[in-house]
Every structure is written in C-alpha cells, then in structure tokens.
Amino acid sequence: MGLQPLEFSDCYLDSPWFRERVRAHEAELERTNKFIKDLLKDGKNLIAATKNLSAAQRKFAHSLRDFKFEFIGDAETDDERYIDASLHEFSNFLKNLEEQREILALSVTETLIKPLERFRKEQLGAVKEEKKKFDKETEKNYSLLEKHLNLSAKKKEVQLQEADNQVEQNRKHFYELSLEYVCKLQEIQERKKFECVEPVLSFFQGLFTFYHQGYELAKDFSHYKMALQINIQNTRNRFEGTRSEVEELMNKIRRNPQEHKRANHNTMEGYLYVQEKRPAPFGSSWVKHYCTYRKETKKFTMIPFEHRSGGKAGDGELFILTYCTKRNVDTIDRRFCFDLESSDRPGVPVTMQAFSEEDRKLWMEALDGKEALFINLNKANAKQEGSAQLDKIGFTVIKKCISAVETRGINDQGLYRVVGVSSKVQRLLSLLMDAKTCNEVDLENSVDWEVKTITSAMKQYLRSLPEPLMTYELHGEFIIPAKSGSPESRVNAVHFLVHKLPEKNKEMLDILVKHLANVSKHAKRNLMTVANLGVVFGPTLMRPQEETVAAIMDLKFQNIVVEILIENHEKIFKTLPDVTFPESISMSVSPPNAPPRQSRRQGQRIKRPLAVYNLCLELDDADSHSSPKEDTPSGSMDSLSSQSPTPVLSSSPPGLLDRNHLIMDSGDLADWTTNLAIFQGTRMARRHTKWQERTDSTKLCSVFIALCIERQEGVHGIHGFLL
C-alpha cells in the first residue's frame, strides 16, 4: 500500500495518526533525497570514468599513430605498406569515436546532473525548510498552550483575555503553516515522478546517440577493414612459405654447425668466463667475456658482456697469446677451466672457464693448449684426515675452538649466529682435523682466523658427525618431554636421557653445553640468550634419521631441549638422574600440556635480555599456581624450556596474581630495548625458518606488548596485556 493522503481538515485536529502520516511522507522524501544524492554521485563517477576512458583511448590512438613497422631487407610489399598504414587508420577511427564520447560526457552533465541537482536543492530543499518551520511552530504552539493553561484563575480578567487572544493568534498561525506544509508535501510527492525520470530519459537519449554514431563510423570503416584483411592474409601466406625455408636451413645448421659456420677471420670465438682476482679479503669473481682468437697472429681479444644488464659491453682487451694450459679440478673448484698467458704479462696466467667439456676441447685445439700435470697433494692426506669422529682429534678440535671463543669473542654480538666465509671454514676444519697440523693451529692468538670462522667450523664439525651428538636412537625420546609435562618433569626427563647417551657423546655434550651456558651469561653484550642459543644449536645437536614434514615440525622442540640443557647444566651433568623416572616419561606422552605460568619468582632472578622469540605471549587469567589450567611459559624472561614453580610472595597484592609478570631490573630494561633493536638487524641466515616455526606455533598467539614499568615492593615489572 502507498502513502496515505494528508487531509487538510486533519491539520486542525493534529491527531497522532495525522502526525504518523506526515512522518511517513517525510521518510519517503528523505529516501528520495538519498536516491538522488547517490545517483548524482554515481553520475559524476560515470563522467569521470568516461573521461578517463577517453583519455586512455586517445593515448592508445597516439601509440598506434606513432609506431611504424620495420621490415627485413631493403624493400617491402604493397600489402606490407598497407598494413603499416593501417595503424594510422585505426588511430583516426579511435579519435573520431572519442570526439563523440566527449559530446556524451558533456550531455550527461547538462541533461542529467544539473536538472537533478536543481530539483534536489530547490524542491526538496524547500520542503526541508518548511519542515524546520513546521517543527519550530509546533514546539512554540504547544509550549505556549501549556504555559497558558498553567495561568492562575485568580489573575485579572484583562490579563486572562489578553492571554487567550495571544494563544488564539498563535494557533491560527500554526494551522496556516500546517496547511502549507501538508500541501507542499503532497505536491513534491507528485512532482518527483517526472522531475527525476525526465533527466534520466535525456541521458539515455544521449547514450543511444553515441552508440548510433559509433555504428555509423563502423559502417564507414567496413570497406577499409575488408581490404586490410586481404592484405593481412596475403602477408600471412608469404610468411608461411618463407618460414618453411628458414626452418630447413636451421635444421641443416643444427645437424652440423661447424660445416655451416660463417666465414670470418677468427679461428675461434665465443663466450668464456674470466677469473678476475680482487684484493683480500674479497677473493675473486668470474665475469663473462666474448672472446675471439686469430691463430695466424696469436691475437686474443676479450670483451666483457652481460646479457642480464641489457646487453651492455665493456672495454675490450687485446693480448698476444704465448701458451695455453688445461686446469684440472684438483687445482680449482670449477670445471672446464684452462689458463692463458700473454707475452706482455709473463708468469701471470689468466684463468678462463668454458661452458662445457666439449667447448673447452674446441678452445684448447684452437689455442694449441696442453694438458697440465699436477700432483694431487690432498690424496696423500685423505686417509689421515678422514671424516668427523668423536675421537681424540674431535675432542681437541672442540676444546681448541671453545677456548678461542671464550678468550677472544665471548662478547661478540650475534656469536654463533654470524657465519664465516665457507672457504675459510673448510680450510680451518681441514687443518684442525689433520693430526699433523692440528696442534700447530693457534686459534687464541692468531689474527688469521676470525671468531665467526671458528664458531662456524665448530658447528660444521658437529653437523659432520656420522650421527648427531644426541644420537638418532634417543631423538624421539628427547622430543617427547619437550612437547608435554610440567617444567620439572621436562628437566628430569632430559636429565635421565642424557645419561643414556654413549659415554663419549655425553662427555662432548657436557663440554659444549658448559660453554653455551657461559655464552648465555654474557647475553647483555653478545645478545645470545638461552633461547637464541637453542635456535642455533637445536638442529646441530639433534636431527631425525629420516627427514619428513613431521620431523621438520619438531624443530622448535629440539630448541627447547637444548635450552633445558643450558639452563640446567649443573644438575644434568654433575648429578645422577632419578632411577625411578622412566615411568614418568611414559606418562607424559599423553596430553601435551604446557607447564603453568607463574607471576613472580622468589629470590634473585637471572638478569638477561629477553629472547626475541619471547615477544609472542599467550596470556591467560590464571589465579594461582594451584590452578589446573596450564600455559606455555613464553612470557618469562627465561626460555621456553623450563620454569620451576616457586611460591609467590605472600605480601603481593591479590590483583598481582592475575597477571603474567616479566621481572627485570630497570637497568636491564634499557639494555633489553637497545639489544632488541640491534639484534633485529642481525642476519638470521638459515635460522630464519626456526623463527617462523616458533612464532607460528599453535601454543603461541600474537599480542601487543604494553611495557609498563611500575615501582612496587622495590621491583620493576614488565606486564603483557592482551588487546
């Protein structure tokens, strides 16, 4: 059902139903106003889009007009010339079409936008003004009436009569305004039907005109289009015939490229990679050159050329060749190499690399090259060096490296994270693992070996063992407690399993973990917290025998095991485990619950920077340590490995137990923020994957850390709030 008509007689009654009908008319006008407003917005967007389309079409037309095909040879056919000229014709067609589109855009503004804006401002705007007057007069009329009725009957008759006259005049004015407002409402309801639709009709008329003009242009273009199709077909037919001839020639050259080689003055030519030596410590680089050689004059020319940089050629070099020698792989870490020596630089060979063994043979034949005789000195030492083993040499290697690190680089930032140069690491390892040269290598006092080279060599040695230090057999058993159980049970389980390791493995692990514990004590300077050391040494000390997706998902748990070893080194390696513990290991396999979070620790806490990985917290409202609910202890300043439950200070306020606290000195806070900013800039190298796995864990959630420092009982607290 439509809107109910507004009767003029109802203006004098001003009943609730009359007011309801007035509000319905007002709502309809408001809806109409919103419709016109949205239509105007869309119309303006349409005009803007039309102008953008027109600009794009014109730019496209300019591109067609400005381009000209180049042809192969010294002449072109008539068909090719017509094809070349077609781009200019296409450009003209688009130009004419866009002229009609501009007329359409102008007509939209004149026939649609302006009439609708005029109706909205003049007609709907006038009704809004009438409504304001009507509402204002309604408020005035009924306020005056209430005031009049509240007059005391004891007032003088003259005063009362004057008040009555005033009310009556105001009522008449209100009724007159009401009649005009009702009339205006009904008038605008009827007027909007043609005032809104007529501009839209004009818009469509302009649209039809535009399409008709396009149709006329297409008809005029039809004759040229058909002629051009014939030109294109003729050119295609010629192309097919030419292509068959080209392919036949190509196949001949493919079968025997040397027989169909173009005649020129060069005996041999092609690309070679030339070794360019740079001053220490930058080593050398290999640069691609296009080389030519003339046997009659022995002139060798090379021009640097890089295809990936746009084919830019550098300055060429010419020299007279004296001799060419083949390089064996025993003397260089690249294949297909040979040396050239020039007359102007005797004794300074230039090493070059061909693309293949066949390519090198062709060059050697052209250059009159000779095979080189080299003695492989490494073969004599192969048996002596062997592979990495847990033998006397292996212990010597680890002890020498640890001693050097603790003497020279215990405070180096990113210790064990920053990797050394691969060639230097391999060279150091070969010296250390050779019984003849091991004792001669002085790592503590020599400046030839950087700390990062020593740490990388140590990690490389551990990764080169036939099986990881914590063995394949016990790998799964070490992972189980890291996934479940309380902090104390985790430590006990790892304690028990360490003593199941072979004696040499346990002895080596003791030496290494003791060193890592010492490194973590200097975390303020080197930024290597327990958690960061776990990330570095987790995959080094532990790895599964079979590489699977499931095994990769356990990387983060390997890190936790190493963290437990570092934090509890004294207990694990200096005391015997509880002999009754095997039962508790099997029990901890079922629900994988994390250890409970705690608020404050009693006594002095280990003061070290937060691990970067502990910025993702899982904050739950745990009322006390007796609560059965368990959390991942990632909010602690310590690692994710173990947090022994300790009693909360009895004097702490009740509200303190409802939050997860990270306790540290105010001085540590400044160090932590500085170290975090520096450490985030350190290259993560291959450990970046471990970062993702830790932060993507289902037991961690991303939160915003609000660091608020408050003074309470003489201790500063950093609280994490989940937003």
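Reply: Leu185 is buried, with a relative accessible area of 0%, where buried means under 20% relative accessible area, exposed over 50% and partly exposed in between, for a 1.4 Å probe and protein chains only. The model is predicted, so local features need pLDDT of at least 70 and side-chain atom pairs count only at pLDDT 80 or more, while totals for chains, interfaces and linings use all residues. Residues are numbered from 1 along each chain as its sequence is written, and side-chain values use heavy atoms, with hydrogens and water left out.

Leu185 lies in helix H4, residues 157–255; helices here are DSSP runs of H or I with at least four residues, numbered from the N terminus. Apart from neighbours within four places in sequence, Leu185 is in contact with Leu6, Val22, His25, Glu26, Leu29 and Val127, contact being heavy atoms within 4.5 Å. Val127 is 58 residues from Leu185 in sequence, yet their C-alpha atoms are 6.9 Å apart.

Turning to the cores, the largest nonpolar core has 62 residues, of which Tyr416, Tyr461, Phe478, Leu509 and Phe537 touch the most other members. Such a core is a set of buried Ala, Val, Leu, Ile, Met, Phe, Trp, Tyr and Cys residues joined through side-chain atoms within 4.5 Å. Tyr416, leaving out residues up to four places away in sequence, touches Val405, Thr455, Met458, Lys459, His515, Leu516, Val519, Leu533, Val536 and Phe537. A second, separate core of 29 residues includes Val127, together with Ile36, Leu40 and Leu112.

Helix H7 (residues 392–408) packs against H9 at an angle of about 150°, with the axes 10 Å apart; axes are lines fitted to C-alpha atoms over the stretch in contact, and angles run from 0 to 180 degrees between N-to-C directions. H7 is therefore roughly antiparallel to H9, since angles over 145 degrees count as roughly antiparallel, under 35 as roughly parallel, 65 to 115 as roughly perpendicular and the rest as oblique.

Key:
Helix = DSSP H or I, 4+ residues; strand = E, 2+ residues; numbered from the N terminus.
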